[in-house]
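Keep the 3D view open while reading.

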Amino acid sequence: MKILYFGGQKSGKTSVASLKALELSKNKKPYYVATYDNSYNDSSMQDRINKHLEDRVDEFLTIEEAKDLVKVIEDNNTYLIDCISMWLFNNLQLDELSLKEQLITICKTKANIVFVLNDVSCGVIPFDSESRKFVDFSGLIGQELVKLCDEVYEVKYSIPKRLK
């Protein structure tokens, strides 16, 4: 199964995606693929990371991979990738096709993958080119994930609504 959960900031995406990953993993611990590149010395992000670590400490095996998802996804396992938005941010130097190819490759595996994506599509068009590229790529990558996934859920206030 390939499943996408998307929603706004603090919408509850990770919580509902975690429950789905645990449900899919059967008798094995699922992997939590943490994509945040923790090299920015951002204390508030470190607080978020610590909370996520505490929330999953007994239920998931953690893999930290900021850029190359292909090298960590293997058949016959379950993965929660949290989150595609951070992975995308870390890979903005790549072109759209390279990003899509990475997702297509991992979706061909015989692994359960639960994706988390921040929905940034309802804001204004950013003035600076890098922010604009991030927002554009978020929408384009989101569209690709919708095609690749078996199920798609929008999450608001921890309530998932199935769209596909």
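A crossing of two helices is called right-handed if the near helix is turned clockwise from the far one by less than a right angle, and left-handed if the turn is anticlockwise. In this predicted model, the crossing of α4 and α5 is right-handed.

**Helix packing**

- Two packed helices are described by the angle between their axes and the distance between the axes.
- Helix α4 covers residues 96-107 and helix α5 covers residues 129-148; they pack at an angle of about 25 degrees, with their axes 10 Å apart.
- Angles under 35 degrees count as roughly parallel, and α4 and α5 are therefore roughly parallel to each other.
- On the α4 side, the contact is made by Glu 96, Leu 99, Lys 100, Leu 103, Ile 104 and Cys 107; on the α5 side, by Phe 137, Leu 140, Ile 141, Glu 144, Leu 145 and Leu 148.
- Of the residues in this contact, nine are nonpolar, three are charged and none is polar.

**Strand pairing**

- Strand β2 (residues 31-34) pairs with strand β3 (residues 61-64) in the parallel sense, over four bridges.
- Within this pairing, Leu 61 in β3 is the bridge partner of Tyr 31.
- Strand β2 also runs parallel to strand β4 (residues 78-82), joined by four bridges.
- Ile 81 in β4 stands opposite Val 33.

**Whole chain**

- The protein chain contains five helices and seven strands.
- Along the sequence, their order is β-α-β-α-β-β-α-α-β-α-β-β.
- The radius of gyration of the protein chain is 15 Å, close to the 15 Å from the globule rule for 164 residues, so the chain is as compact as a globular protein of that length.
- Taken along the principal axes, the C-alpha atoms fill a box of roughly 50 × 35 × 30 Å.

Methods:
Residues are numbered from 1 along each chain as its sequence is written. This is a predicted model: local features need pLDDT of at least 70, side-chain atom pairs count only at pLDDT 80 or more; totals for chains, interfaces and linings use all residues. Side-chain values use heavy atoms; hydrogens and water are left out. Two strands pair if DSSP finds at least two bridges between them. Helices (H or I, at least four residues) and strands (E, at least two) are DSSP runs, numbered from the N terminus. Axes are lines fitted to C-alpha atoms, for helices over the stretch in contact, and angles run from 0 to 180 degrees between N-to-C directions. Angles under 35 degrees count as roughly parallel, over 145 as roughly antiparallel, 65 to 115 as roughly perpendicular and the rest as oblique. Contact means heavy atoms within 4.5 Å. Ala, Val, Leu, Ile, Met, Phe, Trp, Tyr, Cys and Pro count as nonpolar, Asp, Glu, Lys and Arg as charged, and the others, Gly among them, as polar. The radius of gyration is taken over C-alpha atoms; the globule rule is 2.2 Å times the number of residues to the power 0.38.
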